[in-house]
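User: Could you walk me through how to read a few features of this structure? I would like the general idea, then the case at hand.

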Amino acid sequence: MKTLIIIPTYNEQENIEKLIEDISCFGYDYLIINDKSTDNTESIIRKNKYNYLDLPINVGIAGVTRIGFKYAYDNGYECAICVDGDGQHQPKYVQSLICEIANGYDYVVGSRFVNKKKPISSRMLGSRIICFFIKLKTGVKVTDPTSGMRALGKNVLKDFSQNMNFYAEPDTLCYTIHHGYKVKEIHVEMKDREGGESYFKNPFKTVKFMIGVLLSIIFVQW
């Protein structure tokens, strides 16, 4: 199955080389989308001659992924897989995602909590709230709605490349379930970020994310 790994990247100078090294070991096609990084990410990408798109302005995760999905669809890929540029998503699980797409699923999420209990923390409280609203909206229980590691089959890829109107991963998941796509979560292990700073380190950004996602799930994703 012709597969493209899409790597949304913002200020990942400490992580991007190791991630591409790991991906290259498996021989997958990849596309880095540099979302107007303000550190040395772009110069590292250029130096190593990676396959990438460099955006002139910062568009955020939803805009970056839509660009990736459109690129994949326009270039004839049958499957696209999102892997975060921070290196937390391990390429060794990519084949498991591809296999589920090959088995007929349209949208497959790499989840940390299929076979493991979700820990008690403020961040996981937010995850539980999102899970509740997705189940309220769709009737389907999910375990890891904020996971950025996900695979799209060609039908969802076509849909998202043309009509995507999402805030982030959770409302994307809600949309696919609500519109009757075959969705599955499979268990993956994720690594801790080794360098750089997470978007969610800032509590104000975390609150903004939660509000945006919940408003989209409740009022937008029909």
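Analyst: Happy to! Let's begin with burial: a residue counts as buried when its relative accessible area is under 20%, and as exposed when that value is over 50%. Keep in mind that this is a predicted model.

User: Is Asp144 buried or exposed, then?

Analyst: Asp144 has a relative accessible area of 0%, so it is buried. You will find Asp144 in the loop between α5 (122–138) and β6.

User: Which side chain makes a polar contact with the side chain of Asp144?

Analyst: That partner is Arg112, at 2.7 Å. Leaving aside residues up to four places away in sequence, Asp144 touches Val109, Gly110, Ser111, Arg112, Phe113, Glu185 and Met190.

User: Now the sheet. How should I read the pairing of strands?

Analyst: In general, strands of a sheet pair through backbone hydrogen bonds, in parallel or antiparallel fashion. Here, 7 strands make an open sheet with mixed pairing, ordered β3-β2-β1-β4-β6-β5-β7. At the edges are β3 (52–54) and β7 (183–187), each of which pairs on one side only. On average, neighbouring strands are turned by 20° against each other, direction ignored.

User: How many bridges join β5 to β7?

Analyst: There are 5, and the two strands run parallel; β5 covers residues 107–111. Within this pairing, Val108 stands opposite Lys184 of β7.

User: Which strands does helix α2 touch?

Analyst: Helix α2 (residues 41–48) packs on the sheet against β1 (3–9), β2 (29–34) and β3, and its direction makes about 145° with that of β2. Helix α3 (residues 60–74) also packs on the sheet, touching β1, β2, β3, β4 (79–82) and β6 (150–153), with about 155° between its direction and that of β1.

User: And how do I read a nonpolar core?

Analyst: In soluble globular proteins, nonpolar side chains tend to be buried together. The largest core in this model has 33 residues, and Phe69, Ile130, Ile134 and Leu173 are among those with the most contacts inside it. Helix α8 (residues 203–220) gives the most to this core, with 5 residues. A second, separate core has 25 residues, including Tyr50, Tyr93, Val108 and Met149.

User: Where is Cys174 placed, and what does it touch?

Analyst: Cys174 lies in helix α7 (residues 169–178) and counts as buried because its relative accessibility is 0%. Beyond residues up to four places away in sequence, Cys174 touches Ile134, Lys137, Thr138, Ile217 and Gln221. Its C-alpha atom is separated by 9.1 Å from that of Trp222, 48 residues apart along the chain.

How values were computed:
Residues numbered from 1 in each chain as written. Predicted model: local features only at pLDDT ≥ 70, side-chain atom pairs only at ≥ 80, totals over all residues. Heavy atoms only, no water. Pairing = 2+ DSSP bridges. Helix = DSSP H or I, 4+ residues; strand = E, 2+ residues; numbered from the N terminus. Axes fitted to C-alpha atoms, helices over the stretch in contact; angles between N-to-C directions. Contact = heavy atoms within 4.5 Å. Core = buried A, V, L, I, M, F, W, Y, C linked by side-chain atoms within 4.5 Å. Buried < 20%, exposed > 50% of the residue type's maximum accessible area, 1.4 Å probe, protein only. Polar contact = N/O pair within 3.5 Å; in protein donor to acceptor, adjacent residues only side chain to side chain.
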